[in-house]
Structures are given as structure tokens and as C-alpha cells.
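Hi everyone, thanks for making time this morning. I'd like to walk you through one structure, so please have a look at it before I go on.

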Amino acid sequence: MSGLAEDTRWMDATDQAALVASGEVTPSELLEAAIERIEQSNPALNAVVIEWFDHARSVAADPHLPGGPFRGVPFLLKDLYTSFAGQTLSNGNAALKAAGKIDTADTTLVSRFKAAGLVIAGRTNSPEMGSLPTTQPLAWGATRNPWALDRTPGGSSGGAAAAVAVGMVPFANASDGGGSIRIPASCCGLVGLKPSQGRITVGPRRSEVGLGVELGVSRTVRDTARLLDAVRGPGVGDIVIAPAPQRPYVEELRVEPGRLRIGLLDIHPRGGFLHQDCVSAVRAAASMLAGLGHHVEPAWPSPLADTTLQQKFMALWATQMAMAARGFGAIVGREMTAADIEPVNWELIERAKHVTAVDYAVAQEAVYAFRRALQQWWADGWDLLLTPTVAEPPPALTEFENDPGRPTAPMRRGGEFAAFTPPFNMSGQPAISLPLHRNADGLPIGVQLAAAYGREDILIRVAAQLESAHPWAAQRPVIA
């Protein structure tokens, strides 16, 4: 590997952008270093599934490359709903992969990534429709965790997380409809912020009233804050718009959070399985926070104990998947069938066909009620809730494989694993996973902090405080 590829491998995006701004390196040189790392590490990981290196080379060499905060920094898009003019998008689906349709326009977010000066070199792997907390679509094959190749990197942004964790790029686009930023961040030892609903537009084709939000995964809190600053804000026609921050998020890195009131959730609130490694991780994080002067005590919102929570979430999730399948059909020019969709997703799409308008409205009403009840806990005086990010260390990839005889088995397994993240998609609140723990096998175990709606500022302040007191940047997978 060349000297520059090695020298910049573990450099965050902020430092890489500074190299370009100072004239020490060119965008083209940074890109070639990233391509070299991708070509070295990707065969083992299968994190990057669509490459457009030649296009990226032309962008990097363009003297009119936008002079945004990340000018010249290499970047990767998730292969899920992020349309990029002139390139293909499969959404993890074999039929769309085969169709090879070229997008004619950028999503609003992709246009903001470009305006920030990022040089986008390809797409990272995602499960079909982003439906599982693992990344092993039939269309592209499994992405493997850099920390243990037989384990899941999480999902649905597992390709993005694996690519960043192994140092291909300093950060990458990720999205989160039920934990899909936070789960892979936990599995791969990264920072993963799920923004508030309506913080970043998902236009022009998707709606902010859905469960999904977008941003990225990174290795440092400052990269996350700067990326959020670069892309936040509504788009034309948005109907959910988060309150504007008081100042740029990057300035929150230097703001002392004061003494916060933090609730600790170190049990499974609905009586499910919680691995001792995750209990140890969240209790260690509680001690860290207490040592920094915060008030931490066992306390959590009672709505999290609602045993119908998964049923409410899945009513919306299945309907959104059915709508996605309809959109896929419009792209390929025919109605999608069971032969076109993975069994785990087709089963839910079929169920959605039997959901009436009244059924959907009832589910939506239940989610609205849950949203108000959950947010009340923060309105009653709590600043943050500390929880495990996931219920266990990264499981083996074999535990999520499609089984036509038991089509919903991967989804059920995913529900056990991703027990702590979906509530904050339903409530619209921001939450962040931080890489503060490793188990005895060396696997990353993330912890989650959730704030009141619109309060990413508090999350960034506390995350920066924890990163300074308990640095994680030197922790790298041995495969690298």
C-alpha cells in the first residue's frame, strides 16, 4: 500500500479536508488512496458493491469541485434510496440490480453531499429494502464484520459501517428506519447518530413522516457534527421540520454540557434477552458519565415496556415495504412477484395487502400516542436516556439467513437483536450509538444515548465529552 493510503487510512474526514485545504494533497490523491484501500480490503468484507471510480476521478480532478467543508474527501453512498444522477441504485434487490436503471436526478441529500465537496466513489451494501439489522442481501451477498469475519456488521447500513471501520473512507452515508445507523455503528465500533425526524430532508420522493432518517457513520464525533451541519435542514415541501439549532453543531463540541440528569436502562424493558456483555457496557458507560459529573440513576420511560411495541412498529414497517415493492415494480416495468423479493420481505408485503385503511390508521394512531407518551419522560425533566444499543454482541451471519420454510425467521431474529433502537424511530427523537466498550472477544459493544426531540446538540456535547475522556480512535480491527 502506498504511503499516502497508509498515512490517511485512520485520519478522520476533518483532518483529510484540512490536508486538501492547505494544499498538502489534492482531492485526486486522496481519492486514489481511498480506492487503494477499498481494493485491498473489500474482497474480504464485501462492503462496497457498486463502484464508480472513474466518475469519482473526474469529479476529484475538476477545478470547480465545490469548496464545501469536506472538499476532496472520499465518500460512499448507501445502496438504499439515495438516487445519484448518472448512476445505478439497487436497494439490495436482485431485480433492480439486473435492471441497471440509471438515475436521472439526485435526492436532495445527495446534492448536499456534493455541495459539501465530498467525492463519492460508489455504494455500500444494504439488505434488500433495508429491512433487517444485518447486511446480507441475496443480490450482493453478505458483508462481513471487520472485527470478526463470521459476524454481522449490523444493518441496514452494514456496508457503510464495515467500510469506515476498516479505514476505506473516513465516514459514509447511512440511514436509519429502526436502528440502521446505530446498530452497525455498535457492531463495527463507530459513532452513529440518528437525527431527529425532520432534521434532514428525505425529499424529493420520500416523506419525513416515515420512520427513516439519513446521515452517516463515522469514527469521530466531530465528523458527525460537521456532516450534520453540512446537510441539515428541510427541503421543498417537507411536512415535518425539526426546530433549527441555536448554533452550528460543530460548536457544540466545545460546549460543556453541565450536570445532566440521565436515566439508566440496563434491563430489557419488555422482558426479553439481554446479553451480559451489553449490560456491562451500559453500566460502564453510566460510571463514565457519573465520573464526568452527571447525575445517573436507574430510570426509564414506562412506554418502553409496552409489549405491543413491535406489533405497532411492524404494522407501519410492512406497509412501507409494500409501498417500496410497488416503486420497484415501476422501475422494472412490471409488478414485483415472490420471485423478485426475498422471502423475509415478501411475507411482510403479502401481510400488508390485508391491512385495510382503517387498520393502518389505527396503527398510526397508536404510534402517535406512543410518541407523546415516550417524549413526556424528557419533558418531565430528564436530559438523556442511556441504554444498550443492541441486545447482544454481533451475531453470526448464519443466524439471519433466508429460509423459505420459515420466511419470517430473520425478521424475528432481528427483533431480538435490535430491541432498543426502534422506539426512537417511532418517537422521532435523536439517538446516538458510541463505541465505548469491547467484550472479552474484542468485539465492539455500543451504548445508546437518546435525547428529547430536536436536541442533537446535547447528544453531541456529551458524546464529545465521552470521546475526550475515554478515546476510542486507536481501537481498530485486526483485519486492517
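Predicted model: local features only at pLDDT ≥ 70, side-chain atom pairs only at ≥ 80, totals over all residues.

Let's begin at Lys78, whose bridge partner in β3 is Thr124. The strands involved are β2 and β3, the latter covering residues 119–124, and they pair in the parallel sense over 4 bridges. They belong to an open sheet of 3 strands, ordered β1-β3-β2, with mixed pairing. β1 (48–51) and β2 (74–78) stand at the edges with a single partner strand each, so one side of each has no neighbour in the sheet. On average, neighbouring strands here are turned by 40° against each other, ignoring direction.

Which strands pair with β11? One of them is β9 (residues 384–388), which runs antiparallel to β11 and is joined to it by 5 bridges. In that pairing, Pro388 sits opposite Val447. Another is β10 (residues 431–438), also antiparallel, over 6 bridges, and there Ala431 stands opposite Ala450. β10 and β11 make a hairpin with 5 residues between them, and in the turn Gly442 has a positive phi of about 85°.

The largest nonpolar core has 130 residues, and Phe113, Leu384, Leu386, Leu434 and Leu449 have the most contacts inside it. Helix α12 (residues 309–332) provides the largest share, 10 residues. A second, separate core of 6 residues includes Val390, Phe400, Phe417 and Ala418. Going back to Leu386, its contacts beyond four places in sequence include Ile262, Leu265, Val282 and Leu289, as well as Val447, Gln448 and Leu449 in the other direction along the chain.

Last stop, the second largest pocket. How much space lies in it? About 480 Å³. Its lining has 29 residues, with Gln310, Gly414, Gly415, Ala418 and Pro422 nearest the centre. α12, α15 (409–417) and α16 (422–427) each supply at least two lining residues, and α12 gives the most, with 5.

Technical notes: Residues numbered from 1 in each chain as written. Heavy atoms only, no water. Core = buried A, V, L, I, M, F, W, Y, C linked by side-chain atoms within 4.5 Å. Buried < 20%, exposed > 50% of the residue type's maximum accessible area, 1.4 Å probe, protein only. Contact = heavy atoms within 4.5 Å. Pairing = 2+ DSSP bridges. Axes fitted to C-alpha atoms, helices over the stretch in contact; angles between N-to-C directions. 1 Å grid on protein atoms, 1.4 Å probe; cavity = no way out; pocket = protein on both sides within 12 Å on 5 of 7 lines; lining within 4 Å. Points joined across faces, edges and corners; volume = space filled by probe spheres on them.
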